[in-house]
Amino acid sequence: MIRIFVSKLTPEGIPVSGEISAEVLGLESDNNIISVDSVSYDLVAQLVNNGVLVVGKVVAVMTCRCGKCMENYTYKHINSEICHFYEKPNKNEIDLTDDIREDILIGLPQKFVCSESCKGLCFHCGQNLNIKKCSCNTESEQENIWEKLDQLKI
C-alpha cells in the first residue's frame with residue numbers, strides 16, 4: 001500500500017517513493033498483460049490550503065502480448081503527470097493505492113502493439129509476418145475482393 005501520514009507533512013513537501021507489487025495494484029487482470037515486473041513511484045506530498053497535494057511519477061514495467069503478432073514483449077509505462085488533491089483529509093493516513101492503480105490503467109494503451117512496424121499475422125495461414133513471409137497468395141484475392149460488387153447493376 002502507498003500511504004501518506006498527514007501529521008508528517010509540511011508545506012515544503014516530503015518525498016514518497018518506493019516500489020509496490022502488482023498483486024496489490026491488481027494490474028494483471030487484462031488478457032493482454034501477461035505479468036507486471038515492477039511498479040515504482042516517485043511522489044511528493046505537501047500541505048496546500050488545508051489539503052494534501054500529491055504530485056510525481058509512476059513507472060510500470062510489464063510483459064504484454066502484442067495485439068497484432070501475439071508475441072510477448074516488454075512494455076514500460078511512464079506516467080509523469082500524477083496529480084491528486086485530497087481536500088481536508090479527516091484521517092491521519094491517506095491511502096494512494098487505488099488512485100495510483102487508476103492512473104496506471106487510464107494511461108495504458110487500448111491495444112498493445114510491440115512496435116509501429118509490426119506486420120502481424122497472416123489472415124490465412126497464421127504465420128508471424130515479422131519473422132517470415134508466408135506463401136499465401138493474398139494479392140490475387142485482394143484484386144477480386146470487389147468483383148461481386150462491380151457486377152451489380154444499379
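Biologist: What is the relative accessible area of Arg3?
Modeller: This is a predicted model, in which local features need pLDDT of at least 70 and side-chain atom pairs count only at pLDDT 80 or more, while totals for chains, interfaces and linings use all residues. Residues are numbered from 1 along each chain as its sequence is written, and side-chain values use heavy atoms, with hydrogens and water left out. Buried means under 20% relative accessible area, exposed over 50%, and partly exposed in between (1.4 Å probe, protein chains only). Arg3 is partly exposed, and its relative accessible area is 39%.

Biologist: Which residue meets the side chain of Arg3 in a salt bridge?
Modeller: A salt bridge is a side-chain nitrogen of Lys or Arg within 4 Å of a carboxyl oxygen of Asp or Glu, and by this rule the count comes to one. At an N to O distance of 3.7 Å, the partner of Arg3 is Glu93.

Biologist: How many residues apart in sequence are the parts that this pair ties together?
Modeller: Helices (H or I, at least four residues) and strands (E, at least two) are DSSP runs, numbered from the N terminus. Glu93, partly exposed at 32%, lies in strand β6 (residues 93-95), whereas Arg3 lies in strand β1 (residues 3-5). The pair therefore ties together parts whose separation in residues is 90.

Biologist: What is the strand order of the open sheet?
Modeller: Two strands pair if DSSP finds at least two bridges between them. The edge strands, each pairing on one side only, are β2 (14-20) and β5 (72-87). With four strands in antiparallel pairing, the order is β2-β3-β4-β5.

Biologist: Which residue in β3 is the bridge partner of Pro15?
Modeller: β2 and strand β3 (residues 33-48) pair in the antiparallel sense over seven bridges. The bridge partner of Pro15 in β3 is Val44.

Biologist: Which residue takes a positive phi in the hairpin of β4 and β5?
Modeller: These strands run antiparallel and are joined by 14 bridges; Val58, for instance, stands opposite Asn79 in β5. The hairpin has six residues between the strands, and the residue with a positive phi, near 65°, is Met70.

Biologist: At about what angle to β5 does helix α2 run?
Modeller: Axes are lines fitted to C-alpha atoms, for helices over the stretch in contact, and angles run from 0 to 180 degrees between N-to-C directions. Contact means heavy atoms within 4.5 Å. Helix α2 (residues 97-107) lies across β2, β3, β4 (51-65) and β5, and its angle to β5 is about 130°.

Biologist: How far apart in space are Leu9 and Val44, C-alpha to C-alpha?
Modeller: Leu9 is found in the loop between β1 and β2 and counts as buried, because its relative accessibility is 7%. Leaving aside neighbours within four places in sequence, Leu9 is in contact with Ile4, Ile14, Ala45, Leu47 and Val52. Leu9 and Val44 are 35 residues apart in sequence, and their C-alpha separation is 9.9 Å.

Biologist: In which strand is Thr63 found?
Modeller: Thr63 is buried, with a relative accessible area of 18%. Its contacts beyond four places in sequence include Asn32, Ile33, Asn72 and Tyr73. The strand that holds Thr63 is β4.

Biologist: What is the relative accessible area of Ser135?
Modeller: Ser135 lies in the loop between α2 and α3 (138-143). Ser135 counts as exposed, because its relative accessible area is 76%.
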